[in-house]
Amino acid sequence: MKEKGLSEDEVLHLLADVRSKDYSYDRFFSTMCTRPHIIAVKAHEMFLETNLGDPGLFSGASELEQTSIQMMGELLHCPNAYGYISTGGTESNIQGIRAARNTSNIRNGNIVVPKSAHFSFDKIADMLCLEVRQAELDNDLKVDLASVESLIDQKTVALVGIAGTTEFGQVDPIEDLAKVASEKDIHLHVDGAFGGFVLPFLEGDWKWDFLVPGVSSITIDPHKMGLSTIPAGGLLFREAKKLAALETETHYLTKSKQVSLTGTRSGAAAAATYAIMILLGREGFRNLVKHCMDLTGYLVKSASEIDLHPVIQPVMNVVALKVASPIRVKEELAKRNWHVSTTREPQRALRLILMPHVTFKSIDLFLDDLEAILYS
Ligand SMILES: *Cc1c(COP(=O)(O)O)cnc(C)c1O
């Protein structure tokens, strides 16, 4: 830091310069994030200085957090869900599993997750000192139930099912997992970080949330398909005692107990999440998801015209396209300022997420470039 500061104008100019180095969402097919809705941004600004770490001082912001949780609970068929607004899917997964561990009375336990699980579960293994056992996937890239059952033992504190895998957008057989979990009295955590704001609005009869007896907790990310601001995550429990298992005594704050992983935390993203849900309503989200599914259908159809096909028929707005040498293709696309990612072995493919910032036009331009890279 220098001795003398700059003027506000100088600072803003410097910031604008650096901001221009960031790529634009217009060119992103790789991310599950998107531009937040303008209302979410406004709400975020209004509540930026609030601190939910000390909720007694900010009862307004705290009320919005509780109302957001209640609205997400309704969406996931449990209006009386208990939870809080976290910083994202990673914190929600850590805390969901931590609550399961703390209520289990098992030491040196394990959890059983699908091989398709998000890398946040690697952090969980390290932080919570749990062994993470990976169950095999079937041909549709859903978790294989027999494999899950073979990995469960006396030390298993939780099973994990994914509703919208990060790489393929696939949904695990949650009802089957829940049956196993109920029979053995094991916590079932459903990771709906991506799918949480997709499945409730998707056509078809999806049974994956608290409607399924045996689902104990759910991760849902408002900062992905919820159009909220970063960092907005949701963690919901069916039972109060699971949330209570996260409580820490706080000595000098307005409330005597805290459940969140972070201490000081802004109420901005909670306010943004509240604002977008009351603005759009279910109808608005249904239209949004339909739009993203139309984009997905258009991409799959147009790709097939240049003889490119998805690894699995997309369930939601996530497409893994089979191409020769996906990593080289990804790098070539980056040279043309298109940002895609790749899935892991053994199904290495181009991973494309059709978020609300994608347009039909950008799909056309993208596929023109992809065709040029592959066939010229
Ligand atoms: C994105 C994602 C996460 C992690 O969420 P962050 O908000 O990035 O921490 C966890 N699980 C799944 C299935 C995801 O898609």
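Ala268 sits in helix α9, which covers residues 268-305; helices here are DSSP runs of H or I with at least four residues, strands are runs of E with at least two, and both are numbered from the N terminus. The model is a predicted one, in which local features need pLDDT of at least 70 and side-chain atom pairs count only at pLDDT 80 or more, while totals for chains, interfaces and linings use all residues. Residues are numbered from 1 along each chain as its sequence is written, and side-chain values use heavy atoms, with hydrogens and water left out.

Is Ala268 buried or exposed? Ala268 is buried, because its relative accessible area is 1%; buried means under 20% relative accessible area, exposed means over 50%, and partly exposed lies in between, with a 1.4 Å probe and protein chains only. Setting aside neighbours within four places in sequence, Ala268 is in contact (heavy atoms within 4.5 Å) with Ala43, His44, Phe47, Leu48, Thr50 and Thr229. Ala181 is another matter: Ala268 and Ala181 are 87 residues apart along the chain, and their C-alpha atoms are separated by 36 Å.

Gly53 belongs to the loop between α2 (38-46) and α3 (59-75), and counts as buried because its relative accessibility is 5%. Gln258 is 205 residues away from Gly53 along the chain, yet the two C-alpha atoms are separated by 7.6 Å. Gln258 is also one of the residues that Gly53 touches, together with Leu253, Gly263 and Arg265, when residues up to four places away in sequence are not counted.

The protein chain has 11 helices and 12 strands. Its radius of gyration is 21 Å, which agrees with the value near 21 Å for a compact globule of 376 residues; this radius is taken over C-alpha atoms, and the globule rule is 2.2 Å times the number of residues to the power 0.38. The C-alpha trace spans about 65 × 65 × 45 Å along its principal axes. Of the 376 residues in the protein chain, 52% are buried. Among contacts between residues at least 6 apart in sequence, 71% join residues at least 24 apart. The protein chain exposes about 17,900 Å², and carbon and sulfur atoms supply 51% of that area; accessible areas come from the Shrake-Rupley method with a 1.4 Å probe, and for residues only the protein chains shown count as cover.

Next comes the ligand. Which residues come nearest to it? Of the 14 residues around the ligand, these are Thr90, Asp191, Asp221, His223 and Lys224; a residue is near a molecule if one of its heavy atoms lies within 4 Å of it. By class, the shell has three nonpolar, eight polar and three charged residues. In this scheme Ala, Val, Leu, Ile, Met, Phe, Trp, Tyr, Cys and Pro count as nonpolar, Asp, Glu, Lys and Arg as charged, and the others, Gly among them, as polar. Helix α4 (residues 89-102) provides the largest share of the shell, three residues. A nitrogen atom of the ligand is 2.6 Å from an N or O atom in the side chain of Asp191. The protein covers 86% of the 380 Å² of accessible area that the ligand has on its own.

His118 lies in the loop between β2 and α5 (120-128). His118 is buried, with a relative accessible area of 16%, and touches Thr90, Thr166 and Asp191, not counting residues up to four places away in sequence. The side chains of His118 and Ser120 make a polar contact at 2.8 Å; a polar contact is a pair of N or O atoms within 3.5 Å, where within protein one must be able to donate a hydrogen and the other to accept it, and residues adjacent in sequence count only if both atoms are side-chain atoms.

Most residues other than glycine have a negative phi, and most peptide bonds are trans. Asn105, in the loop between α4 and β2 (110-114), has a positive phi near 60 degrees. A cis peptide bond joins Ile230 and Pro231, with omega about 5 degrees.
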